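I set out to read one chain from its overall make-up down to single residues. My notebook entries are set down in the order in which I looked things up.

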Amino acid sequence: MIGSVSSSSFNLGSIGNVHSYATNLVKSYMTENKDSTNLVGGFLNNALGTTSKTAQSNVNFTKTNASNLNALKSTASSLGSTVRSAKDGDSEKIVKAAEAFAGAYNKAVGHLTNGSADGAGVSKALGYIANNRMTQMSMANYGGFAASRLQSMGISIDDDGMMQIDAEKLTAAFEKSPSQVKGALSVYGSLSDDMITNVDKALRIPAATYTNFSNMKVENSLLNALFSSGSSAKAGSLFDFLL
């Protein structure tokens with residue numbers, strides 16, 4: 001029998017822990033069948049490699065995500081303070097602050113939607129950042145006076161979910177009614193204030209939830225290692241002693 005394992009070293013009638021038994025069985029197989037462990041080791045190393053690769057991808061994604069969110073929070077804070085302290089003739093400062101905010105917003109949303117992470121944390125973060133009340137009010141299809149106000153100020157979300165700033169409209173809006181611009185962008189419940197609150201919530205999402213680790217299919221490699229018979233005469237099934 002190729003690749004068989006002697007059961008003499010196991011008390012089959014007193015197995016109380018299947019996991020422990022299976023672990024000992026694998027160790028015994030690896031020790032007694034050194035010539036055939038290359039195949040098994042290959043499958044196990046593949047499983048380990050998949051796990052490590054996915055885990056590293058998760059680390060890279062969440063690091064970039066955290067950096068993007070912190071930058072978004074910083075530009076939101078800067079937008080709020082710039083608008084609150086703005087005086088006549090400061091429209092250029094407001095436009096620059098709004099453009100910086102939009103750039104940070106687009107970078108954060110773009111990273112979350114680029115497809116490199118597939119866990120529940122992604123949709124949860126997008127719920128805080130891209131699908132909240134203030135950003136929805138910037139969309140063309142969102143009804144109501146507040147939506148019209150944001151769009152009339154030149155702040156909108158396009159069909160791709162990216163924030164656009166129309167410098168001419170924002171400048172004209174501030175010159176016409178500074179208080180209205182301040183109310184929409186800098187006070188409690190405004191675009192900047194709402195975003196800061198939501199970013200803080202997004203930053204508290206556990207990093208592991210950004211990746212659906214069940215999609216790694218590591219179990220396939222493990223099952224292959226245990227049950228697969230290779231073409232080599234030295235590569236038998238781990239459990240062929242049961243046959």
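**Entry 1. Ground rules**

I noted that this is a predicted model, in which local features need pLDDT of at least 70 and side-chain atom pairs count only at pLDDT 80 or more, while totals for chains, interfaces and linings use all residues. Residues are numbered from 1 along each chain as its sequence is written, and side-chain values use heavy atoms, with hydrogens and water left out.

**Entry 2. The whole chain**

I looked up the secondary structure and found 10 helices and 2 strands. Here helices (H or I, at least four residues) and strands (E, at least two) are DSSP runs, numbered from the N terminus. Along the sequence, their order is α-α-α-α-α-α-β-β-α-α-α-α.

I then looked up burial: 38% of the 243 residues count as buried. Buried means under 20% relative accessible area, exposed means over 50%, and partly exposed lies in between (1.4 Å probe, protein chains only). The chain exposes about 13,100 Å², and carbon and sulfur atoms supply 53% of that area. Such areas come from the Shrake-Rupley method with a 1.4 Å probe; for residues, only the protein chains shown count as cover.

Contacts came next, a contact being heavy atoms within 4.5 Å. Among contacts between residues at least 6 apart in sequence, 68% join residues at least 24 apart.

**Entry 3. The largest nonpolar core**

A nonpolar core is a set of buried Ala, Val, Leu, Ile, Met, Phe, Trp, Tyr and Cys residues joined through side-chain atoms within 4.5 Å. The largest one has 43 residues, of which Leu 72, Tyr 105, Ile 129 and Leu 185 touch the most other members. Elements that give two or more residues to this core include α2 (37-85), α3 (91-112), α4 (120-129) and strands β1 (155-157) and β2 (163-165). The largest share, 11 residues, comes from α3.

**Entry 4. Helix α3 and its partners**

How do α3 and α4 pack? Their angle is about 160 degrees and their axes are 10 Å apart. Axes are lines fitted to C-alpha atoms, for helices over the stretch in contact, and angles run from 0 to 180 degrees between N-to-C directions. I therefore recorded α3 as roughly antiparallel to α4. Angles under 35 degrees count as roughly parallel, over 145 as roughly antiparallel, 65 to 115 as roughly perpendicular and the rest as oblique. In this pair, Tyr 105, Val 109 and Leu 112 of α3 meet Val 122, Ala 125, Leu 126 and Ile 129 of α4.

The axes of α3 and α7 come within 9 Å and cross at roughly 135 degrees, so I recorded these two helices as oblique to each other. Residues of α3 that meet α7 include Ser 91, Ile 94 and Val 95.

**Entry 5. Two residues**

Leu 126 lies in helix α4. I marked Leu 126 as buried because its relative accessibility is 14%. Beyond four places in sequence, Leu 126 touches Val 109, Leu 112, Thr 113 and Asn 131.

Asp 118 sits in the loop between α3 and α4. Is Asp 118 buried, exposed or partly exposed? I marked Asp 118 as partly exposed, because its relative accessible area is 45%. Setting aside neighbours within four places in sequence, Asp 118 is in contact with Tyr 210, Thr 211, Asn 212 and Asn 215. Asp 118 and Phe 213 are 95 residues apart in sequence, with their C-alpha atoms 8.9 Å apart.
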